[in-house]
Amino acid sequence: MNCSYWQYLLLFLIAFFPSLISAQVQDVGLVRRTFNKFFAAKQTDTTRAASFFVLPALGYAQETGLEFGVASSYNFYTDRTDPNSRTSTITLMGTATTEKQRNVKLNTDIWTRDNQYHILSEIRYRDWPFNFYGIGNTTQHSAEEFLGQRLFRARVDVERKVFSALYAGLNANFENFQFESSEPDGVFQRESFTGKPGGKHLILGTSVLYDTRDYTTYTTQGWYGRIKYGYAPNFFGGENFNGHQLETDFRHYHAFSSKFALASQLDYRGSYGPNTPFYVYNELGGDNMLRGYYLGRYRDKNFIGAQTEARYRFHPRVGITAFAGTGSTFSNTQKVRLVPSFGAGLRYFFDLEHRTTVRFDYAIGEKRPGEQRQKGFYLSLSEAF
């Protein structure tokens with residue numbers, strides 16, 4: 001996300017506070033309850049109730065025109081009587097532009113009664129252009145090309161508790177990509193790789209999860225480790241993806257006090273196959289891992305990255321963070337080239353019961369010769385990891 005997200009925050013303030021003023025004229029008690037819900041330092045509700053939060057979105061880019069929409073989060077317990085029940089989350093994000101582009105994503109992270117099952121799902125439709133720089137970790141900003149993209153994704157992971165903190169499960173992921181290039185002499189047409197028109201695949205796999213986190217939202221203590229393997233059979237023929245994918249995600253959280261904690265993450269993703277299309281390559285950047293880089297600034301068959309984040313919650317409603325990391329894409333023909341990422345952020349806890357946050361981060365990446373330093377602003381619901 002770029003600096004236009006300052007406008008997202010501004011719209012939220014404009015949209016939220018007038019509603020309080022309007023309500024005050026009609027019902028002082030309503031104002032007090034609303035204020036306590038979003039700003040009180042203590043949560044007086046002991047019913048373990050669900051919470052719903054909406055963040056309006058507004059931005060502008062020359063390629064897409066005016067962008068508008070919402071990001072929302074619904075947090076709840078599947079069993080409100082169980083104090084050990086983990087927070088379940090449903091997140092819906094949807095935006096559109098005056099150039100008739102659309103981006104809709106529905107994510108769920110569900111923990112059933114007694115945390116017996118862990119269910120992750122995603123449904124996404126994206127008719128949205130993106131910047132393409134080529135393949136590898138030495139691509140140049142001057143090669144930037146604007147590509148049209150249509151994506152449909154449907155994914156579900158179901159994991160069942162085996163022991164107290166160990167889960168095992170099955171997963172399926174269907175994706176369909178289409179791409180359009182309007183620059184016949186651009187890097188997209190010049191470079192040789194598979195999958196330029198797009199394609200589709202169904203990946204079937206299995207996963208193992210070890211999870212002792214104190215909270216799944218704003219985590220300060222515990223371990224998290226997940227290994228996921230998938231295979232894409234040759235259902236669709238042609239140049240569609242037929243191969244393997246491996247993902248590993250290891251995290252550790254340590255609380256030094258009730259206010260200060262350190263979080264660390266080590267991540268690896270790989271795609272393997274005889275003719276692996278570029279759209280299943282792994283990308284560096286974005287708002288979660290290696291912040292400060294445009295997602296896809298570097299892409300290749302493999303990615304490895306590590307990051308650490310210091311979290312200081314000096315007020316029940318407000319916290320700050322500082323983070324640093326490094327990582328690289330790579331393949332058999334492209335060696336690992338580690339790039340830096342560092343920055344700081346602000347956290348607002350809009351729900352104390354579920355420890356759910358709005359995060360604002362500013363991150364800085366590397367400066368390549370002859371280019372401006374890579375950097376980014378991020379306004380997101382929930383933590384990076």
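**View 1. Strand 17 and strand 18 (residues 356-364) pair in the antiparallel sense over nine bridges.** Welcome to this predicted model, in which local features need pLDDT of at least 70 and side-chain atom pairs count only at pLDDT 80 or more, while totals for chains, interfaces and linings use all residues. Residues are numbered from 1 along each chain as its sequence is written, and side-chain values use heavy atoms, with hydrogens and water left out. Strands here are DSSP runs of E with at least two residues, helices are runs of H or I with at least four, and both are numbered from the N terminus. Two strands pair if DSSP finds at least two bridges between them. To find your place in the pairing, look for F342, whose bridge partner in strand 18 is I364.

**View 2. D361 and R359 meet through their side chains in a salt bridge (2.9 Å, N to O).** A salt bridge here is a side-chain nitrogen of Lys or Arg within 4 Å of a carboxyl oxygen of Asp or Glu. D361 counts as buried because its relative accessibility is 0%, and R359 counts as buried at 1%. The cut-offs are under 20% relative accessible area for buried, over 50% for exposed, and partly exposed in between (1.4 Å probe, protein chains only).

**View 3. R226 and D157 form a salt bridge between their side chains (2.8 Å, N to O).** R226 lies in strand 10 (residues 222-232) and D157 in strand 7 (residues 145-161), so this pair ties together parts that are 69 residues apart in sequence. With a relative accessible area of 0%, D157 is buried; R226, at 10% relative accessibility, counts as buried too. The structure holds 27 salt bridges.

**View 4. N171 is found in strand 8 (residues 166-181).** Is N171 buried or exposed? N171 is buried, since its relative accessible area is 8%. Contact means heavy atoms within 4.5 Å. Leaving aside neighbours within four places in sequence, N171 is in contact with V156, D157, I203, L204, G205, T206, S207, K228 and Y229.

**View 5. W223 lies in strand 10.** Not counting residues up to four places away in sequence, W223 touches Y210, D211, T212, R213, R251 and H252. For R251, which is 28 residues from W223 along the chain, the C-alpha atoms of the two residues are separated by 5.9 Å.

**View 6. The model has 26 aromatic pairs, and F193 with F278 is one of them.** Rings of Phe, Tyr and Trp (its six-membered ring) pair if their centres lie within 6.5 Å; planes under 30 degrees apart count as stacked, over 60 as edge-to-face and the rest as tilted. F193 and F278 are tilted, at 5.1 Å centre to centre with 55° between the planes. This pair links distant parts of the chain, 85 residues apart: F193 is in the loop between helix 3 (187-190) and strand 9 (198-211), and F278 is in the loop between strand 12 (260-272) and strand 13 (282-284). F193 counts as buried at 13% relative accessibility, and F278 is buried with a relative accessible area of 0%. Ring pairs also link F130, F132, F177, F179, F188, F193, F278 and Y279 into a cluster.

**View 7. The side chains of R311 and E309 are joined by a salt bridge (2.8 Å, N to O).** Both R311 and E309 are buried. The charged end of R311 also sits over the ring of Y218, 5.6 Å from its centre. Here, a charge sits over a ring if NZ of Lys or CZ of Arg is within 6 Å of the ring centre and within 35 degrees of the ring normal. Elsewhere, the charged end of R297 sits over the ring of Y133, 4.7 Å from its centre.

**View 8. The protein chain comes to three helices and 19 strands.** Of its 385 residues, 50% count as buried.
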